[in-house]
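This report describes one protein chain, moving from single residues to the chain as a whole. The sequence and structure come first.

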Amino acid sequence: MINAYILTVMRPGYTDKAIKEMRKIENVEKISVVAGEYDIVIRVRVKSLGNLLKVTDKIQLIEGVKKTTTQVIEKELAL
């Protein structure tokens, strides 16, 4: 399995509507609204890089999404 974060920049006023659409996408595990350079961070879990691309494509087509950056998790540590 591949875990990744999709960092999303939104256009003003679209966040709530976009989150509703993001919740419908298969393989989305968590959606976080954050402060800083990005507006929304989406955690996804997929079986392949091809599936990750499909999820990213769906997110980019949501109205109000301006830009995405995907970060694949190489190693995750529990504290």
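Val9 is placed in strand S1, where strands are DSSP E runs of at least two residues and helices are H or I runs of at least four, both numbered from the N terminus. The model is predicted: local features need pLDDT of at least 70, side-chain atom pairs count only at pLDDT 80 or more, and totals for chains, interfaces and linings use all residues. Residues are numbered from 1 along each chain as its sequence is written, and side-chain values use heavy atoms, with hydrogens and water left out.

Val9 has a relative accessible area of 17% and is therefore buried; buried means under 20%, exposed over 50%, and partly exposed in between, with a 1.4 Å probe and protein chains only. Apart from neighbours within four places in sequence, Val9 is in contact with Glu37, Tyr38, Asp39, Gly64, Val65, Lys66 and Lys67, a contact being heavy atoms within 4.5 Å. Thr8 is also found in strand S1, and its relative accessible area of 0% makes it buried. Not counting residues up to four places away in sequence, Thr8 touches Met22, Tyr38, Asp39, Ile40, Ile42, Ile59, Val65, Lys67 and Thr68.

## Thr69 in strand S4

Strand S4 covers residues 65–72 and contains Thr69. This threonine, Thr69, has a relative accessible area of 21% and so counts as partly exposed. Its contacts, leaving aside neighbours within four places in sequence, are Tyr5, Ile6, Leu7 and Tyr38.

Between Thr69 and Leu7 there are 62 residues of sequence separation, while their C-alpha atoms lie 5.0 Å apart in space. Glu26 and Thr69 are 43 residues apart along the chain, with 19 Å between their C-alpha atoms.

## Loop residues

The loop between H1 and S2 holds Glu26 as well as Asn27. Glu26 is exposed because its relative accessibility is 60%, whereas Asn27, at a relative accessible area of 31%, is partly exposed. The phi angle of Asn27 is near 85°, a positive value in a residue other than glycine.

Gly36 belongs to the loop between S2 and S3. Its relative accessibility is 60%, so Gly36 counts as exposed. For Gly36 and Leu79, 43 residues apart along the chain, the C-alpha separation is 25 Å.

## The two sides of helix H1

Which residues of helix H1 (residues 15–22) are buried? They are Ala18, Ile19 and Met22. Viewed down the axis of H1, these buried residues fall within an arc of 105°, so they line one face of the helix; the arc is that of the directions from the helix axis to the C-beta atoms. An α-helix has 3.6 residues a turn, so residues three or four places apart point the same way.

On the face of H1 turned away from the buried side are the exposed residues Asp16, Lys17 and Lys20. The cover over the buried residues of H1 includes strand S1 (2–10), strand S2 (28–33), strand S3 (40–46), helix H2 (49–60) and S4.

## The chain as a whole

The protein chain has 2 helices and 4 strands, and from the N terminus the order of elements is β-α-β-β-α-β. Along the principal axes, the C-alpha trace spans about 35 × 25 × 15 Å. The chain has a radius of gyration of 12 Å, which agrees with the value near 12 Å for a compact globule of 79 residues; the radius is taken over C-alpha atoms, and the globule rule is 2.2 Å times the number of residues to the power 0.38. Of the contacts with a separation of 6 or more, 66% join residues 24 or more positions apart.

Of the 79 residues, 37% count as buried. The accessible surface is about 5500 Å², with 50% belonging to carbon and sulfur atoms; accessible areas come from the Shrake-Rupley method with a 1.4 Å probe, and for residues only the protein chains shown count as cover. The mean positions of the 14 positive and 10 negative charges are 3 Å apart. Lys and Arg count as positive and Asp and Glu as negative, without His and the chain ends, and each charge is placed at NZ of Lys, CZ of Arg, CG of Asp or CD of Glu.
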